[in-house]
Every structure is written in C-alpha cells, then in structure tokens.
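Hello,

Here is the structure I promised to pass on to you. Please open it alongside this message, and my notes on what turned up follow below.

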Amino acid sequence: MTPVVNKTLPEFEAFATSGVKFTPSANLGHAVVLYFYPKDATPGCTTEAMQFRDRHQDFLAAGAVVFGVSRDNLASHEKFKQALELPFELIADTEEKLCHMFGVVKNKIMYGKKVKGIERSTFLIGADGVMRAEWRGIKVAGHVDEVLKAVQALKQAA
C-alpha cells in the first residue's frame, strides 16, 4: 500500500451495472474502494471479485462502498456480476477514461507480443473525496484483507 496525501479526485461520470452512474461527488460521505482488474470471468479476476464479495458486509460496516472497474462492456459485467452473485457494481470503462486517469494501463508482453492491459490496482478514496491509499501491481492472495484493514483504519481515524 502506498499512502496518497491530498489528491482530490476530479469529477467524472462512469456507468456501472444495475443502471448506476458513478460520480465522486455522489459518493461523498463514505469511503470508496475502486479496484481495477484486467477482464471479466478470467481466473484471477474471478478470485478477486469473489473475495471482495465475501468481505462485502465488512466493507459496508467500515463505511465503504466497493466498485470493480475493467474495460469490459456493461453486458459482460452484468453476466459476470450475476454469475458470481456480486453485491457491488462493476464500472464499464470501455473507452479507458478511468484507466488512464488512474494510470493503470500498462504495456505487457503476452505470447511474445506487446499488448496494452490493465495492471491490477486498487484505490481507496476517503469520505471527503480525497484519495487515501493505492495498491498497484498487486497479487490477489491477501489483497482484499489488506484493503479492508486500510478502510477500517480510515474509519477509526475519522
């Protein structure tokens, strides 16, 4: 985890599953966990989503809402959300606006070719709309618990 100090999120609009429109200003008053992942229904992304699902009540109890973000479209997200019974929304960033805003698009080598992909990353935004922590290039194992601890610490500090 890298603490981030006094970095206020700019206002933006993003569309998510269940017809939700995400904006930072609409989420003032509670912490927001934005986790970026490469692709719906892939092994690592499925595991990560299930871990956020399984700890969702703990995030809510700590005053935080969770949103997953990838470049997949809303139809793919709805299918993924339904298949895993996810209790949180998934933001469709098909034009990569959020991915670029948060700097998670990276060049990767797959099968010997350079491709552009999402670096698995998570961002914690405080109830005041200020970014409080970021995790970049993370491994799935243990990550959700680490984010939850940071959310709980943020609540206690408030």
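**What turned up**

The model is a predicted one, and it holds one cavity of 30 Å³ or more. About 50 Å³ of space lies inside that largest cavity.

**The annotated cysteine**

An unreviewed UniProt entry carries the annotation "active site" for Cys45. This residue sits in helix H1, which runs over residues 43–54. Is Cys45 buried or exposed? Its relative accessible area is 1%, and because the cut-off for buried is under 20%, Cys45 counts as buried. As for what surrounds this cysteine, setting aside neighbours within four places in sequence, Cys45 is in contact with Tyr37, Pro38, Lys39, Phe80 and Arg120.

In soluble globular proteins, nonpolar side chains tend to be buried together. In this model the largest nonpolar core has 25 residues, and the members that touch the most others are Val33, Tyr35, Phe52, Phe59, Leu124 and Val151. Two or more residues of this core come from each of strand E4 (31–36), H1, strand E5 (64–70), helix H3 (74–84), strand E10 (130–136) and helix H5 (143–157). H5 supplies the largest share, with five residues.

Beyond its neighbours within four places in sequence, Val33 is in contact with Phe52, Phe59, Ala64, Val65, Val66, Phe67, Thr122, Phe123, Leu124, Val147 and Val151. Another core, of 21 residues, lies apart from the largest one, and its members include Leu9, Ala14, Val104 and Phe123.

**The salt bridges**

How many salt bridges does the model have? The count comes to twelve. Here are some that you can pick out:

- Glu96 and Arg71: their side chains meet in a salt bridge at 2.9 Å, N to O. This pair links distant parts of the chain, 25 residues apart: Glu96 is in the loop between strand E6 (89–92) and helix H4 (97–101), and Arg71 is in the loop between E5 and H3. Glu96 is buried at 11% relative accessibility, whereas Arg71 is partly exposed at 27%.
- Glu95 and Lys97: the closest N and O atoms of this salt bridge are 3.3 Å apart. Glu95 is exposed, with a relative accessible area of 59%, and Lys97 is exposed as well, at 55%.
- Arg136 and Glu134: their side chains meet in a salt bridge at 3.1 Å, N to O. Arg136 is partly exposed, with a relative accessible area of 34%, while Glu134 is buried at 14%.
- Arg55, Asp58 and Asp145: a network of salt bridges links these residues.

Best wishes

Technical notes: Residues are numbered from 1 along each chain as its sequence is written. This is a predicted model: local features need pLDDT of at least 70, side-chain atom pairs count only at pLDDT 80 or more; totals for chains, interfaces and linings use all residues. Side-chain values use heavy atoms; hydrogens and water are left out. UniProt positions are given in the numbering used here, feature names are shortened, and annotations may be inferred rather than shown by experiment. Helices (H or I, at least four residues) and strands (E, at least two) are DSSP runs, numbered from the N terminus. Buried means under 20% relative accessible area, exposed over 50%, partly exposed in between (1.4 Å probe, protein chains only). Contact means heavy atoms within 4.5 Å. A nonpolar core is a set of buried Ala, Val, Leu, Ile, Met, Phe, Trp, Tyr and Cys residues joined through side-chain atoms within 4.5 Å. A salt bridge is a side-chain nitrogen of Lys or Arg within 4 Å of a carboxyl oxygen of Asp or Glu. On a 1 Å grid over the protein atoms alone, a cavity is a set of points where a 1.4 Å probe fits but cannot get out, and a pocket is an open set with protein on both sides within 12 Å along at least five of seven lines; lining residues have an atom within 4 Å of a point. Grid points are joined across faces, edges and corners, and a volume is the space filled by probe spheres set on the points.
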